[in-house]
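These notebook entries record what I looked up in the structure, in the order in which I consulted it.

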Amino acid sequence: MPSLDPSLDTLPKLLSHNASAFGSRPAMRHKDLGIWQTWTWAQALDEVRAFSIGLAEIGLKRGDKFTIIGSNRPRLYWAMCAGQALGAIPVPVYADAVAEEMAFVLAHAEVTLAVVEDQEQVDKLIAVAEQLPQLSQVIYDESRGLKNYNHARLISFEDVQAIGRKKLASDADCRQRWEAGMREGKGKDLSVILYTSGTTGRSKGVMLTYENTIISARNANAFDRLDEREEVIAYLPLAWVGDYVFSYVQAFTAGYCVNCPEAQDTVVQDRREIGTTYAFAPPRVYENLLTITMVRMADAGPFKRKVFDFFIRVARRWGEKILDRERVPLHARLLYALGDFFVYGPLKNQFGLSRVRIGYTAGEAIGPELFRFYRGIGLNLKQLYGQTEASVYVTAQPDGQIYCDTVGTASPEVELKISDSGEVLYRSPGVFAGYYKDPEKTAEVLTADGWVHTGDAGFFDPKNGQLKIIDRANDVGRLTDGTVFAPKYLENKLKFFPNIREAVAVGAGREFACAMINIDLTAVGSWAERNNVVYASYQELAANPRVYDMIAQHIDETNRSLAEEAVMAGAQIRRFLILHKELDPDDGELTRTQKLRRGHIIDRYSPLVEAFYNGSTDAQITTQVTFEDGHKGAIAARVTIRDLKPAPVPAAKSAKMERAA
Amino acid sequence: MRAPAANETALGESLLAVEDVSLSFGGVRALTGVSFDIRKGEIRAIIGPNGAGKTSMLNVVNGFYQPQAGRISFKGMVRKSMRPYAAAQGGIARTFQNLALFRGMTTLDNILAGRTLKMHRGFFWQLLRYGPALREEVEHRRRVEEIIDFLEIAAIRKVQVGRLPYGLQKRVELGRALAMEPDLLLLDEPMAGMNLEEKEDMSRFIIDVNQQYGTTIALIEHDMGVVMDLSDRVVVLDYGRKIADGTPDEVKRDKDVIRAYLGETH
Amino acid sequence: MFYREAGQYKSNYAADMAVFPILQDRIGIIVILVIAYVVFPLIGNNFLLNTILIPFLIFSLAAIGLNLLTGYTGLLSLGTGAFMGVGAYACLKLATIFPHVNILIWVLVSGFFSSAIGVLFGLPSLRIKGFYLAVATLAAQFFLEWCFIRIPWLYNYSVSGAIEVPLRTVMGVPMTGPTATSLTRYLAVLTIVVVLTWVASNIVHGRIGRMWMSVRDMDLAAELIGIRLFRAKLLAFAVSSFYCGVAGAMMVFLWYGGAEAEVFAIDQSFLILFMVIIGGLGTLMGSFFGSALIYILPIGLRLIPGNFGIPIRPAAAEQLTFVIVGALIIVFLVVEPNGLARLWQIGKQKLRVWPFPY
Amino acid sequence: MHILYLIFVDPFMQMVHSPDLLMQTLWDGLVGGVLYALIALGFVLIFKASGVFNFAQGIMVVFAALTLVGLHEHGVPAFVALGLTVLVMLVLAFAVERLMLRPLVNQSEIILFMATFGLTYFLVGFGQLVFGGSPKVMITQDLYLPSGALEWKGNFGFVSFQKIDIAAVIIASIMVAVLAVFFQRTRIGRALRAVADSHQAALSVGISLEQIWVIVWFAAGVVALTTGIMWGARSEVSFSLQIIALKALPVLILGGFTSIPGAIVGGLIIGIGEKLGEFYWGPLLGGGIENWLAYVIALGFLVFRPQGLFGEKIIERI
């Protein structure tokens with residue numbers, strides 16, 4: 001493995017380098033108190049140093065684990081760096097996790113100190129305090145509401161910095177000592193533990209060294225020619241490797257500016273104000289934007305709607321070709337230019353995507369139609385395939401070689417291979433050092449010679465040599481008649497409809513495929529308004545027969561498109577139901593990164609699954625739910641099941657198939 | 001959580017005291033010989049059936065009405081009656097039973113208007129809106145933004161308040177009062193016409209104001225539950241007379257109070 | 001549609017509180033100024049400059065003046081005409097007594113005289129509001145009008161009893177009087193209006209503006225947050241009258257080149273009030289819209305029949321104008337009581353959220 | 001010293017020395033005042049019932065008179081013309097309610113006020129367009145209104161009363177009486193009074209706001225017509241009258257916007273006041289002070305009693 005220039009092999013070192021290299025360039029912005037508060041790299045270093053020394057003063061030592069809990073705030077990023085400068089290891093935790101989940105992770109990681117955002121998080125920690133004896137200090141950013149708390153183990157971010165500054169002022173060579181201590185850090189050192197809320201079972205702590213993340217970040221920057229001029233917005237969970245690498249490590253290596261939104265629900269607005277140049281988001285985010293678009297346009301005047309639809313069709317027809325610099329007839333170019341002025345430009349502008357040079361979708365496969373839509377309106381959206389264990393980057397699509405059904409070629413310094421069982425394996429400098437305190441799980445995934453089992457089934461597309469992921473290796477199944485059944489593939493197709501938020505396909509080892517649907521409350525809600533369907537709750541709306549009709553049409557459409565595809569034609573959806581509750585990470589149905597935990601869902605809703613196949617037209621179901629405030633309850637419902645006619649497989653195609661067969 | 005605060009205010013010295021104040025409009029008696037005091041740092045509730053003269057009391061305190069008889073001592077200074085401007089300068093802020101916002105202005109401008117007394121740049125600079133004037137604007141904008149953040153109304157910063165839902169308008173009005181950095185904050189039915197959630201928010205804000213900024217608060221409120229767990233001390237008016245005064249529990253047990261309220265219900 | 005706001009972020013309050021925070025708007029303003037200062041002078045014939053632009057600008061300024069009082073502070077005034085008159089006569093006296101001082105300086109200074117008078121007649125606003133105050137301002141209107149006629153000293157004892165504007169040069173260029181070209185006068189008017197509009201926007205966007213609007217929206221609350229109502233109102237009268245005064249002075253010196261007291265009669269007051277209301281109370285932009293509609297429209301009406309060769313008596317044309325303007329006012333109030341400026345705002349908003357409906 | 005004499009002594013000396021002149025002045029003032037009162041009455045009616053500050057009242061006076069004369073000029077018999085004119089005023093009332101008030105319902109006062117400005121302009125233009133702009137003579141005889149003067153010689157001098165003026169005073173008084181009865185006795189009248197207090201109250205009486213508006217505007221129209229006839233008979237029918245009509249405003253201030261007796265008393269005070277002022281003090285200022293004296297009187301008055309003579313004291317509540 002190539003090792004790094006020892007003067008730049010840890011993030012704190014990179015920080016001090018940036019402070020001198022791009023001293024006056026913005027390192028971070030935060031929409032706070034109505035404006036974008038800005039910190040240059042020099043200022044950032046100063047903040048970090050003060051806090052870091054403060055931490056040392058209150059007893060954080062090399063090798064200690066400390067956690068970061070909260071939304072994307074400059075101070076929380078600085079806290080990570082400040083700790084790392086002392087040789088301590090940050091263990092960020094999902095801010096929306098309920099107290100118990102936190103307790104598990106923090107206990108498992110033996111965290112001694114926590115830097116949290118506000119009262120909400122402090123309360124969670126207090127709630128599980130007795131499970132965390134080793135947790136000695138809690139540092140909070142926002143003092144709001146904490147005035148009357150017992151401050152024995154509680155201290156504010158400012159105060160810690162104040163301690164640090166006082167130390168700096170009083171003790172002349174403290175600064176040098178800190179520098180020296182920081183320099184002791186080595187590339188091979190453990191830099192962070194990221195707990196993956198894996199789609200199966202309890203989460204495991206992925207240990208990444210500085211080298212892992214820094215090298216893959218470097219490569220990624222080179223791959224997409226990212227430099228200090230980029231603007232990105234940090235809005236994804238701090239504890240997700242994507243955010244860690246993308247808004248921390250890559251920012252430090254490239255020297256670009258990270259912008260923290262005012263609040264979760266102002267992200268779109270804030271992204272728009274900043275006009276980010278480099279975007280990185282799970283498909284869900286693009287999905288939501290599209291949903292908003294469709295919903296709003298539905299309310300627009302007929303003329304506007306006609307214009308919009310017309311130009312969107314133009315975009316579908318020519319957009320991608322133009323984006324990929326293919327030859328297209330003049331009239332198409334002209335039409336597209338018009339469309340760009342009247343629709344695409346404004347649309348991208350509304351979402352703050354106008355200035356995006358490169359947009360990645362990752363974390364989960366993206367619905368092809370969705371993907372094409374954005375490429376069509378001229379957004380250079382690409383796919384990448386990554387894993388926490390790989391410090392994100394496994395494969396990515398180079399500019400100009402974009403296919404909606406592949407995830408690209410191997411990223412720089414990454415070796416790929418497909419096992420005989422069809423599973424994707426890789427080896428790279430980014431490969432993790434192992435799961436924390438879990439050697440046997442590590443052994444399962446990480447081979448002696450450094451190969452990692454992704455657990456995803458895939459193959460190299462013969463047409464373009466790019467990797468193609470079908471599904472989780474152990475999710476791909478077959479129907480009893482032997483047709484391949486790739487649930488995620490179906491689900492993605494369904495999820496393109498703005499009205500469908502989540503879909504769970506079942507059918508492995510069954511005679512036909514079925515789907516459980518989560519409707520999208522925004523989209524269906526506004527549809528309900530327009531068609532004056534009255535409803536009091538999600539449950540009520542979900543049960544509405546007219547909603548069923550609408551969803552049925554969507555699925556018919558999906559079936560028709562499935563019928564087009566030789567392989568999938570057999571796996572059309574014959575029956576479906578609309579779930580009486582929204583799938584929710586708090587109930588373990590989704591991961592914190594909003595990935596479906598299909599296995600869990602299928603046995604959680606087994607009565608419904610059974611009903612699919614015993615032909616009954618509805619089923620009674622009672623489910624445990626966890627409410628916002630953490631306490632549990634149960635909701636019961638009678639869920640209707642609908643039958644669908646499979647779309648006829650086009651004669652020509654089936655004929656071909658026979659010949660092929 | 002409230003307990004410690006309550007105790008220390010019990011000994012806190014009096015910030016404002018009204019001594020047998022009487023007020024009448026052309027023969028109609030609104031207040032008759034009412035006396036009570038408000039101590040530094042406490043939350044003081046004024047309750048009573050409709051038409052008990054609660055609002056009139058507040059109007060006397062911040063100088064909107066001039067009582068015919070009685071004395072008002074504020075910060076040790078004794079007056080026959082307050083004058084609105086004097087009250088404002090002395091640090092008495094006020095919200096109103098049925099909103100008195102500047103409907104044509106944005107949330108931001110409404111709250112900024114609350115800073116008027118603290119802004120001094122002369123006319124000339126205002127003409128240029130440059131140099132000192134601009135610096136002053138900016139500096140006060142920062143303070144206002146803190147209040148906006150505190151009241152969680154960032155989203156409506158630049159919306160005309162006339163277009164806001166009732167609950168939010170109430171918040172903006174509170175914000176305008178807070179912008180005056182008052183020593184004494186008079187709240188006239190801060191939760192009137194609010195749903196449960198809004199009420200909870202508002203209660204939280206009131207407590208936070210009292211704790212964060214140590215602001216003394218006098219509030220009129222109908223929702224007994226709210227009054228009982230917000231306030232340190234309660235004074236009860238009925239037909240313009242004071243019929244009880246003391247801690248929430250004392251007042252709850254007082255039979256005059258009970259009668260007054262039962263009397264009101266039928 | 002034209003708005004591309006992505007990437008326009010504010011990292012300090014000064015920028016966030018700017019009058020035109022959006023780049024595209026700033027560009028728009030620049031374009032307008034270029035047209036006003038370059039294009040019009042180049043293509044402008046006497047008719048355009050003298051009959052359309054100069055009066056349009058002057059009325060706009062007067063409208064701004066009244067808007068500060070009525071739109072921003074909520075004090076209805078029917079004395080605008082008279083306050084303009086004060087400016088005009090003051091300017092005449094100043095120009096006669098100190099012939100060698102730059103006339104434009106006097107045009108501005110004369111504003112202060114009408115401020116003084118304005119404050120004087122604003123005094124009743126201490127006690128009275130609304131229509132009562134409006135009638136009080138009528139007292140000013142008629143009293144001053146009477147002064148203009150009955151005090152010969154004011155019009156330098158000219159036999160006609162009218163103001164005769166003397167020839168004054170600025171740096172050798174004739175600025176006022178018969179020999180002054182319409183171009184020089186146009187540029188002078190334009191500059192004064194631009195500068196004063198800028199100042200007005202500074203005032204209304206700052207502390208004083210907020211003070212005034214507070215008084216307008218809820219004077220009791222304003223009082224209780226420590227605003228001295230009386231001062232605020234008098235200040236409004238002073239500033240407003242200043243603008244009207246300057247407008248009046250310009251009207252006589254840079255447009256008519258001579259005028260009788262009738263020019264400042266009550267009809268003038270009403271006309272300006274129309275402009276303010278139709279344009280939009282409490283918006284500076286509205287003042288321009290209003291003056292454009294109310295002043296330029298009738299000109300158009302008078303021209304149209306001629307252009308289409310329809311024979312029509314000038315008198316009849318005059319009366320027809322009355323009918324149409326009257327009807328228009330009602331129609332506009334019905335369609336958009338908040339004036340043209342509001343319509344403009346709505347349109348702009350639509351462009352900003354395009355292609356979305358909201 | 002001399003000026004003080006001229007102001008404070010001399011006028012009163014004159015009054016004493018020639019009481020006939022004084023009497024004449026008072027009479028002229030009285031008549032003028034009555035007519036102001038009538039215009040003010042129109043204002044009050046409308047303001048009470050619809051809260052609209054009807055700036056067009058003055059114009060309605062002229063318009064009514066103009067219509068009457070104009071019709072007669074086109075050969076319509078006087079009383080038919082009178083009837084037709086009344087009809088026109090009714091149509092006007094309907095038109096105003098339909099096209100102006102209804103669309104502008106619950107807009108702010110100033111907007112409605114502006115609308116009546118629009119109405120004013122419209123009527124001015126329209127009236128002239130139809131009947132021509134030149135001043136006209138009121139058809140006094142055809143309406144059997146008296147002309148000439150009653151002359152009355154006393155030992156202290158000689159006073160002349162124009163018969164038409166006497167008629168004016170009488171008719172005006174009748175008018176007021178009728179209105180008073182109408183308001184006190186009739187159901188509609190009571191409804192109108194109710195509206196002034198609260199719109200719901202009015203509805204409870206079983207009359208829609210729209211109807212009420214039509215009624216008051218019509219009533220105001222009729223009052224305007226009467227005023228127009230009287231005034232036209234004294235001077236001439238032309239739009240210069242509208243300036244005089246503005247005099248009704250100070251009258252309103254004295255009397256208060258909502259009080260009928262106030263309008264009358266105010267009218268008299270203004271009428272007499274300005275005549276005396278003009279006659280005895282005017283010369284000091286070179287005359288012509290009639291034009292503004294009324295307003296200054298009103299203004300001075302306002303400062304001491306903002307709510308007007310008969311308006312009740314406002315207690316501001318928050």
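**Entry 1. Confidence**

Residues 653–661 of chain A have a pLDDT below 50. Beyond near neighbours in sequence, this stretch has 3 contacts in the model; two residues are in contact if their C-beta atoms, placed from the backbone, lie within 7 Å. I noted that this is a predicted model, in which local features need pLDDT of at least 70, side-chain atom pairs count only at pLDDT 80 or more, and totals for chains, interfaces and linings use all residues. Residues are numbered from 1 along each chain as its sequence is written, while chains are lettered from A and ligands numbered from 1 in the order in which they are written.

**Entry 2. Domains of chain A**

I took the domain bounds from an automatic or database domain assignment. For chain A the assignment gives domain 1 (6–265), domain 2 (281–354 + 356–472) and domain 3 (477–660). I found the C-alpha centres of domain 1 and domain 2 of chain A to lie 29 Å apart. Their contact takes 26 residues from domain 1 of chain A and 25 residues from domain 2 of chain A.

Which elements each supply at least two residues of the side of domain 1 of chain A that touches domain 2 of chain A? They are strand 8 (190–196), strand 9 (204–209), helix 8 (210–223) and helix 9 (241–254) of chain A. Helices (H or I, at least four residues) and strands (E, at least two) are DSSP runs, numbered from the N terminus. Helix 8 of chain A gives the most to this side of domain 1, with 9 residues. I recorded the residues of this side of domain 1 as 13 nonpolar, 10 polar and 3 charged. In this division Ala, Val, Leu, Ile, Met, Phe, Trp, Tyr, Cys and Pro count as nonpolar, Asp, Glu, Lys and Arg as charged, and the others, Gly among them, as polar.

**Entry 3. Sheet and helices of chain A**

I traced an open sheet of 5 strands in chain A, with the order 4-3-5-6-7 and parallel pairing; two strands pair if DSSP finds at least two bridges between them. Strand 4 (89–90) and strand 7 (154–156) of chain A are the edge strands, each pairing on one side only. Strand 6 (residues 137–140) of chain A runs parallel to strand 7 of chain A and is joined to it by 3 bridges. A:V138 stands opposite A:L154 in strand 7 of chain A.

Helix 5 (residues 119–127) of chain A lies across strand 3 (65–69), strand 5 (111–116), strand 6 and strand 7 of chain A, at about 155° to strand 5 of chain A. Axes are lines fitted to C-alpha atoms, for helices over the stretch in contact, and angles run from 0 to 180 degrees between N-to-C directions.

I then examined helix 2 (residues 41–57) and helix 6 (residues 157–170) of chain A, which pack at an angle of about 95° with their axes 7 Å apart. Helix 2 and helix 6 of chain A are therefore roughly perpendicular to each other; angles under 35 degrees count as roughly parallel, over 145 as roughly antiparallel, 65 to 115 as roughly perpendicular and the rest as oblique. Among the residues making the contact are A:F51 and A:L55 of helix 2 of chain A and A:I163 and A:L168 of helix 6 of chain A. The residues of this helix contact divide into 7 nonpolar, 4 polar and 3 charged.

**Entry 4. Chain B**

In chain B I found an open sheet of 6 strands in the order 6-7-8-3-9-10, with mixed pairing. Strand 6 (92–95) and strand 10 (241–246) of chain B each have a single partner strand, so one side of each is left without a neighbour in the sheet. Neighbouring strands of this sheet are turned by 15° against each other on average, direction ignored. Strand 7 (residues 184–188) and strand 8 (residues 216–220) of chain B run parallel, joined by 5 bridges. The bridge partner of B:L185 is B:I217 in strand 8 of chain B.

I also noted B:K75, which has a positive phi of about 50° although it is not a glycine. B:K75 is found in the loop between strand 4 (69–74) and strand 5 (77–79) of chain B.

**Entry 5. Chains C and D**

Of the 5 pairs of chains in contact, chains C and D share the most contacts. Their contact takes 39 residues from chain D and 33 residues from chain C. On the side of chain D that touches chain C, helix 6 (109–131), helix 12 (248–255) and helix 14 (290–304) of chain D give two or more residues. Helix 6 of chain D supplies the largest share of this side, 15 residues. I recorded this side of chain D as 29 nonpolar, 9 polar and 1 charged.

Lastly, I found the peptide bond from C:W354 to C:P355 to be cis, with omega near 0°. C:P355 lies in the segment after helix 14 (339–353) of chain C.

Notes: pLDDT is the predictor's confidence in each residue, from 0 to 100.
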